[in-house]
Amino acid sequence: MKHKLLIKFDNGSSIINTIIVTDEKKSHAIKLNEKIPIGEGFLFVFEEAISPLMFWNKGFSNDIELLYIDSNLAIRKIDTLKSNSTDVSICGIQVKYVIEVPIGTCKEYNLKVGSRAVDFERLKV
């Protein structure tokens, strides 16, 4: 069963996220050809704030943006990865959450470094 969470940001925008908490799910969050619609993403939750943190997109068919979020729920870094890329996104800042969304989401929802999550609502799926 997928657990979904609506995250609302301080600018009034919100994103529906599938919550990813286990190590196995973290390494296989998105199926190879699964398209993520704008307005949705994957929320990676870590037990404690960690650094460095690395994400990659090898074998996946989506161009993505990664929103690295600290314990105070502020976006500290935004990075992009092209589909099926061997590039690695490395965050050297202590973060507790990462939201993975389709490329273009940050522009569409006016999310930037410093934006803050302000409310959460668990969704019934």
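Let's start with a pair of charged side chains: Lys4 and Glu40 come together in a salt bridge, with 3.9 Å from N to O. This one ties distant parts of the chain to each other, since Lys4 sits in strand β1 (residues 4-9) and Glu40 in strand β3 (residues 40-50), 36 residues apart. The two partners fall into separate burial classes: Lys4 counts as buried because its relative accessibility is 14%, under the 20% limit, while Glu40, at 28%, counts as partly exposed. Keep in mind throughout that this is a predicted model.

The mean pLDDT of the protein is 86, and 87% of its residues reach 70 or more.

**The overall layout**

The protein has 2 helices and 9 strands. Reading from the N terminus, the order of elements is β-β-α-β-β-β-β-β-β-α-β. Of the 125 residues, 40% are buried.

**More charged pairs**

Side chains of opposite charge can pair when their charged atoms come close. Searching the whole structure turns up 5 salt bridges. Three of them are set out here.

| Salt bridge | N to O distance | Relative accessibility of the partners |
|---|---|---|
| Lys4 and Glu40 | 3.9 Å | Lys4 14%, Glu40 28% |
| Glu121 and Lys8 | 3.7 Å | Glu121 36%, Lys8 30% |
| Asp79 and Lys77 | 4.0 Å | Asp79 21%, Lys77 22% |

Where do the partners Glu121 and Lys8 sit in the chain? The side chains of Glu121 and Lys8 meet at 3.7 Å, and the pair bridges distant stretches: Glu121 is in strand β9 (residues 117-123) and Lys8 is in strand β1, 113 residues apart. Glu121 is partly exposed at 36% relative accessibility, and Lys8 is partly exposed too, at 30%.

Asp79 and Lys77 make a salt bridge of 4.0 Å. Asp79 is partly exposed, with a relative accessible area of 21%, and Lys77 is partly exposed at 22%.

Ser89 lies in strand β7. Is Ser89 buried or exposed? It is buried, because its relative accessible area is 0%.

Ile90 is found in strand β7 as well, but here the relative accessible area is 45%, so Ile90 is partly exposed. Ile90 belongs to a nonpolar patch on the surface, made up of Met54, Trp56, Val88 and Ile90, with about 410 Å² of accessible area together. Strands β4 (53-56) and β7 (88-91) each contribute at least two residues to the patch.

Cys91 is buried at 0% relative accessibility, and Cys106 is buried at 7%.

**Backbone spots worth a look**

Most residues other than glycine have a negative phi, and most peptide bonds are trans. A few places here go the other way. The peptide bond from Ser51 to Pro52 is cis, with omega near -5°, and Pro52 lies in the loop between β3 and β4.

Leu73 has a positive phi near 70° without being a glycine. Leu73 is placed in the loop between β5 (64-69) and β6, and at 22% relative accessibility Leu73 counts as partly exposed. Asn84 is not a glycine either, yet has a positive phi of about 55°. Asn84 is found in the loop between β6 and β7, where Asn84 is partly exposed, with a relative accessible area of 43%.

Note on methods:
Residues numbered from 1 in each chain as written. Predicted model: local features only at pLDDT ≥ 70, side-chain atom pairs only at ≥ 80, totals over all residues. Heavy atoms only, no water. Buried < 20%, exposed > 50% of the residue type's maximum accessible area, 1.4 Å probe, protein only. Patch = residues over 30% accessible without salt bridge, like charges linked within 9 Å, V, L, I, M, F, W, Y side chains within 5 Å. Areas by Shrake-Rupley, 256 points an atom, 1.4 Å probe, with all protein chains shown as cover. Helix = DSSP H or I, 4+ residues; strand = E, 2+ residues; numbered from the N terminus. pLDDT = per-residue confidence, 0-100.
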